[in-house]
Amino acid sequence: MIFPRLTAPLPRFIAASAVTNLGDGIAVVAWAWVATLLTRDPLLVALIPVALRLPWAIFAIPAGIVTDRVNRKMLILAADVVRAIAFVIAAFAIHLATPLPPAPESGLADPMLFAVLGITALLIGAAEVFRDNAAQTVLPSLVASDKLESANGQLWSAELTANALAGPALGAFLLAEAVALPFAFNIAAYALAVALVARLKVRPRSRTRGRRDWKAEFRQGFEFLMKAPMLRMLAVLTGLWNMCHQMVVMALVLHVQENLGAGPRAYGVMLAAGAIGGVIGGVIGGHVAARLGRGRTAQWALLLSSASFLLIPWMPGPVSLALVLAAFGLFGVTWDAVSVAYRQRMIPDEILGRVTSLYRLTTWGMMPVGLLLSGWLVRVGEPVLGRSAALELPFFVAGATTVGLTVMAWVRVGRGFAEPGAAVRKG
């Protein structure tokens, strides 16, 4: 077997992340597609992805405090176990409900199944908040500071290969065989991830002794972020960008089904194309930043990934749309490699969990807003524009918004990444 031979901490950590992201990639297709089998109402379809993202707005701050208090490796293990259990419930519920009745234009074909999926999605999303926050803080304990861009690039390349390349393609195949099969597959994926992380060796970190006050701990992380103008700007910029990205993600599944007439396999292949671009971005991101400079790399990666949104509705078929998604993946992951490494490098390890959670409260907390806004735009636009054009409306709104934000922040992004001393204001 391959995985047991991965004794070095970083490769083992990357392997565990790849396995969980394979499950997540399978679920990317499955969650949204199953929702469209229960209703054609875009706002109701959006509620299932919202349930997956809403916990970021609820648990981000507690997750940061918990991450800095407990053994981060054990927190990752616990979160993966919870997600495996939730997928057991979801798979069993779908199996009992099949074959599904035809999806109505409004309302739900199976309200009970929809409710179970919503509840399990909330549980999976909550566990993901704690797991991802802990995982982000573990990486600096595995590699040296000057290797973070490279380590992040390797990690995201593996995650994207699994999450957006292999995962969606496999998920689409499994979904075509049986609606419950993608959810059942994830049970095994998370079990394997638990086995990998259980054997992971992480360098010990310093512990705070004596009684701990969660209010004081929260205040310490909050005050650090308030004195870091570059981090604050990145949090707001990334949060609004993520909001627009989720608008696109939500609209894409109905656009592919109705405007392009494609099925789940074609949808999975298109998402896989986006992953190929992301894998390339993960591999070259660190090298590009070293050659062009972090500031210039961040500027152009952000602008070009945002501009990709505007191209989606103009693509006449699955092949051309796949090429656009590949370009988006390349530039988007390049931005992530630079921006996340900057955050990991600038935040002290003892408060990394708390500051990261506050940061991600903004960046990930905006995702449910984008999902709901996408469904609302389609519902409001349909009587005026017609169904086909209304499904494309979120792409134009998201693209115009993100390009405008990039232009407004262009100078600050370039200067902030180029001047590490600006990360934290003294005083």
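This note goes through the overall fold, a nonpolar surface patch and one leucine of a predicted model.

1. Burial and surface. Of the 427 residues in the protein, 57% count as buried. The accessible surface of the protein is about 17,500 Å², and carbon and sulfur atoms account for 69% of this area.

2. Nonpolar patch. Leu54, Ile58, Phe59 and Leu122 together make a nonpolar surface patch of about 310 Å². Helix α2, which covers residues 42-69, gives the most to this patch, with 3 residues, while Leu122 has its place in helix α4, residues 111-142. Leu122 counts as partly exposed because its relative accessibility is 36%, a value that falls between the limits of 20% and 50%.

3. Leu117. Helix α4 also holds Leu117, which counts as buried because its relative accessibility is 2%, under the 20% limit. Leaving aside residues up to four places away in sequence, Leu117 touches Trp31, Val34, Leu38, Ile48, Ala90 and Ile94. Leu117 and Phe87 are separated by 30 residues in sequence, and their C-alpha atoms lie 9.5 Å apart in space.

4. Taken side by side, Leu122 is partly exposed and belongs to the nonpolar patch, whereas Leu117 is buried and has Ile48 and Ala90 among the residues it touches.

Notes. Residues numbered from 1 in each chain as written. Predicted model: local features only at pLDDT ≥ 70, side-chain atom pairs only at ≥ 80, totals over all residues. Heavy atoms only, no water. Patch = residues over 30% accessible without salt bridge, like charges linked within 9 Å, V, L, I, M, F, W, Y side chains within 5 Å. Areas by Shrake-Rupley, 256 points an atom, 1.4 Å probe, with all protein chains shown as cover. Salt bridge = Lys/Arg side-chain N within 4 Å of Asp/Glu carboxyl O. Helix = DSSP H or I, 4+ residues; strand = E, 2+ residues; numbered from the N terminus. Buried < 20%, exposed > 50% of the residue type's maximum accessible area, 1.4 Å probe, protein only. Contact = heavy atoms within 4.5 Å.
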